[in-house]
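I opened my notebook to look up a few things in a structure. Here is what I looked at.

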Amino acid sequence: MLQDSGFTDVMIGEPVDTFRGAGGEDKARAFEVYGYAFVARRPV
Amino acid sequence: MTRDLLVDPEALREQVRDKYREVAVDPGASFHFHTGRSLAARLGYAAAASGALPDRAVESFAGVGNPFSLRSLAPGEKVVDVGSGAGFDSFIAVGQVGPDGYVVGVDMTPEMLAKSRQTAEALGLAHVEFRRGLAESLPVSDCWADVVISNGVINLCSDKQAVFAEIFRVLRPGGLLQFADIANGRPVPAAALRDIDLWTG
């Protein structure tokens with residue numbers, strides 16, 4: 001979707017288990033939900 | 001252009017406002033996500049940076065990742081924080097861009113805006129401000145920002161394509177979007193995708 005919106009040079013970081021130990025952990029586990037960092041550039 | 005959105009945008013916004021109003025006024029309550037300083041540490045924020053902020057700047061933090069983990073901001077950069085909440089990431093950004101930079105936080109929840117504005121005033125920060133607005137219609141002029149940051153917000157917007165188009169508009173050519181958000185490794189059933197209660201809980 002980032003590239004469809006015109007962004008380039010997309011980078012994605014390592015997954016972070018952001019819901020571990022929280023109330024939403026079960027749902028997060030069921031769908032393998034993790035947090036990620038992204039960087040993308042608007043082309044010149 | 002009309003897109004087939006999974007849930008009604010305004011109904012979803014109302015649910016999100018309700019949820020994050022509670023995070024603003026009662027950050028010690030139990031949520032389905034972590035909050036505050038323990039979350040910031042879990043997500044890898046530098047202890048020196050988050051530790052320098054007062055409790056009120058951190059306690060309502062509810063991000064899902066670290067938008068500064070792949071790239072730190074540079075001194076002098078102009079930054080927009082989409083869905084700035086109580087301002088935690090905006091205040092981290094202020095520290096990175098320094099006195100020659102400027103940070104605009106945008107949020108739609110009045111209680112979050114009030115909290116972030118009060119914190120900025122208490123800290124005496126002149127190069128950060130918080131504006132009321134939506135991710136799909138940012139109150140920022142074309143090509144103003146060097147960098148747009150966001151944390152755990154875009155997944156709560158029903159029209160993500162509109163959000164990315166709006167971020168593209170406010171970034172200068174060559175500018176960067178650096179954000180954190182959740183993604184799922186297994187497909188979510190179609191019926192669940194249209195269940196608005198599952199978007200915020």
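**Entry 1: a helix of chain B**

I started with helix α7(B), residues 160-170, and looked up its buried residues: V163(B), F164(B), E166(B), I167(B) and V170(B). Buried means that 20 or more other C-beta atoms lie within 10 Å of a residue's own; exposed means 12 or fewer, partly exposed is in between, and C-beta atoms are placed from the backbone. Helices (H or I, at least four residues) and strands (E, at least two) are DSSP runs, numbered from the N terminus.

Why do I say that the buried residues of α7(B) line one face? Seen down the axis, they fall within an arc of 160°, so they line one face of the helix. The arc is that of the directions from the helix axis to the C-beta atoms. I then noted what they pack against: β1 (78-82), β4 (145-151) and β5 of chain B.

**Entry 2: how to read the model**

This is a predicted model: local features need pLDDT of at least 70, side-chain atom pairs count only at pLDDT 80 or more, and totals for chains, interfaces and linings use all residues. Residues are numbered from 1 along each chain as its sequence is written, while chains are lettered from A and ligands numbered from 1 in the order in which they are written.

I looked up pLDDT, the predictor's confidence in each residue, from 0 to 100. Chain A has a mean of 94, and 100% of its residues reach 70 or more.

**Entry 3: chain A**

I read the elements of chain A from the N terminus on: β-α-β. Of its 44 residues, 32% count as buried. Strand β2(A), residues 33-41, is mostly covered, with 7 of its 9 residues buried.

Which strands does β2(A) pair with? Strands pair if DSSP finds at least two bridges between them. Strand β1(A), residues 8-12, pairs with β2(A) in the antiparallel sense over 3 bridges. I found M11(A) bridged to V39(A). Strand β5(B), residues 171-184, is joined to β2(A) by 9 bridges, and the two run antiparallel. There, A40(A) stands opposite L177(B).

**Entry 4: helix α6(B)**

I checked the length of α6(B), residues 110-123. At 1.5 Å a residue, its 14 residues should span 20 Å, and its end C-alpha atoms are 20 Å apart, which agrees. The expected span is 1.5 Å times one less than the number of residues.

Next I listed the buried residues of α6(B): M112(B), L113(B), K115(B), S116(B), T119(B) and A120(B). They cover an arc of only 165° around the axis, which puts them on the same side of α6(B). The face turned away carries the exposed residues P110(B), E121(B) and A122(B). Just after the helix, G124(B) takes a positive phi of about 70°.

**Entry 5: V58(B)**

I looked up V58(B), which lies in helix α4(B). Is V58(B) buried or exposed? With 24 C-beta neighbours inside 10 Å, V58(B) counts as buried. Residues are in contact if their C-beta atoms, placed from the backbone, lie within 7 Å. Leaving aside neighbours within four places in sequence, V58(B) is in contact with G36(B), R37(B), A40(B), S50(B), L53(B) and F88(B). The C-alpha atoms of V58(B) and F91(B) are separated by 9.5 Å, and the two are 33 residues apart along the chain.

Note on methods
Contact = placed C-beta atoms within 7 Å.
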